[in-house]
Amino acid sequence: MTSLPTIDRASLVATRRDIHQHPELGFEETRTAALVADRLRGLGYDVATGVGRTGVVGIKPAAKGKCVMVRADMDALPVDEANAVPYRSTVAGRMHACGHDGHVAIGLETARRLAGVKLAGALKLAFQPAEEVSNGAQAMIEDGVLDAPRVDAAFGIHLWNQLPVGTIGVTAGPLMASVDEFEITVHAPEGGGHAALPHQTADPILVAAHIVTALQSLVSRRRDPLEEAVVSVTQVHAGRAYNVIPGRAELRGTVRTFGGRFWKEAPTLIETVAAGIAAAFGARAEVSYRRLTGTLVNDAAMAELMASVARDVVGADNVRRDVRTMGGEDMSYFLQRVPGCFAFVGSAPRSGSAASHHSPTFDIDEESLVIGTELLSRTVLAYLTA
Ligand code: NI
């Protein structure tokens, strides 16, 4: 087995903290992309920028053999950081609250370790924009990230605060949920009216409340209980005065599944429930439904390969094979096209609980950066020599 240069822990942590201090939202990752491109060029990679708008690709070509892709997402969230750490975000309303700063640092350290090593195939490093808004992966695919050289397998990780540092989750099959979004607008044909004269108009607020309640029974009564699903209404907007019945009410929410019949039927079920309830109250409902991300499915053989590397990195007792979540990930777009595996690298401190992803107090145990780098760089070697 090829030996790899030791991990430069100080530089790994410094890179993560630098990116943490300068968070950028999806498709605005210009500083991050420039930093990534500079480093990759310095390491001798062939670098393409602007792949999927702000994405960066580094290639270490090979005359023969397979091509393996490592993917790291780069975007931050519109969150105000509440941590009082020295490497706190310097941008108000922007924060790396999901750990993608760590993913970039891990991707770059993986690139550094593999740069001087003779590989039995080509290596492609994809630094992806806009994971949080769910179309960065698609943008990179449209710009040909999976072609020239043609990618045979793709791997990636997510730092994961639901697992303690020192553990790794590698699950075969469906891992992360499909993400759909719906919007329902309830209209009163009369356009609203006086709060004291409710008999003269349909009431979109009352109708919306019934719709919210009825949507909750889709999961309990219209779904096979053996299929996982979530329906959450997350936005309600209506009205501007205490004494006016508004003309419209708007609802927004999300459906999460692992595919299957409920996934297929959800758009129709939501449309039928909204339209039927609105009609019963003399109102009208308009529904728009969008599928954002498909279920993320890990290839069984690739998951086995990554799990065996994970056992070498953290020991068999610390590899979990059953971690799944109803959260979504656009890594699914790559894994729908090429086999591969996406793993969770525990990043919660060993003692005590950790703030959840997307929260203003989110932070990681930085030992997870070392583990993530070991996992990805050794997975590349294992795949190319398999
Ligand atoms: Ni994330």
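An open sheet of 8 strands, with mixed pairing, runs in the order β1-β2-β4-β3-β5-β16-β6-β15; strands here are DSSP runs of E of at least two residues, numbered from the N terminus, and two of them pair if DSSP finds at least two bridges between them. At the edges sit β1 (46-49) and β15 (319-320), each pairing on one side only. Strands β5 (residues 153-164) and β16 (residues 340-348) run parallel and are joined by 8 bridges; for instance, I157 has A343 of β16 as its bridge partner.

This is a predicted model, in which local features need pLDDT of at least 70 and side-chain atom pairs count only at pLDDT 80 or more, while totals for chains, interfaces and linings use all residues. Residues are numbered from 1 along each chain as its sequence is written, and side-chain values use heavy atoms, leaving out hydrogens and water.

Turning to the domains, the assignment (automatic or from a database) gives domain 1 (9-174 + 296-385) and domain 2 (178-293). Their C-alpha centres lie 37 Å apart. Where the two meet, 11 residues of domain 1 are in contact with 9 residues of domain 2, contact meaning heavy atoms within 4.5 Å. About 800 Å² is buried between the domains, 61% of it from carbon and sulfur atoms; buried area is the accessible area (1.4 Å probe) lost on putting two parts together, summed over both. On the domain 1 side, S134, R324 and M326 lose the most area, together 59% of what that side buries.

The interface also holds 1 salt bridge, a side-chain nitrogen of Lys or Arg within 4 Å of a carboxyl oxygen of Asp or Glu. The side chains of R324 and E228 form a salt bridge at 3.0 Å, N to O.

Notes
Helix = DSSP H or I, 4+ residues; strand = E, 2+ residues; numbered from the N terminus.
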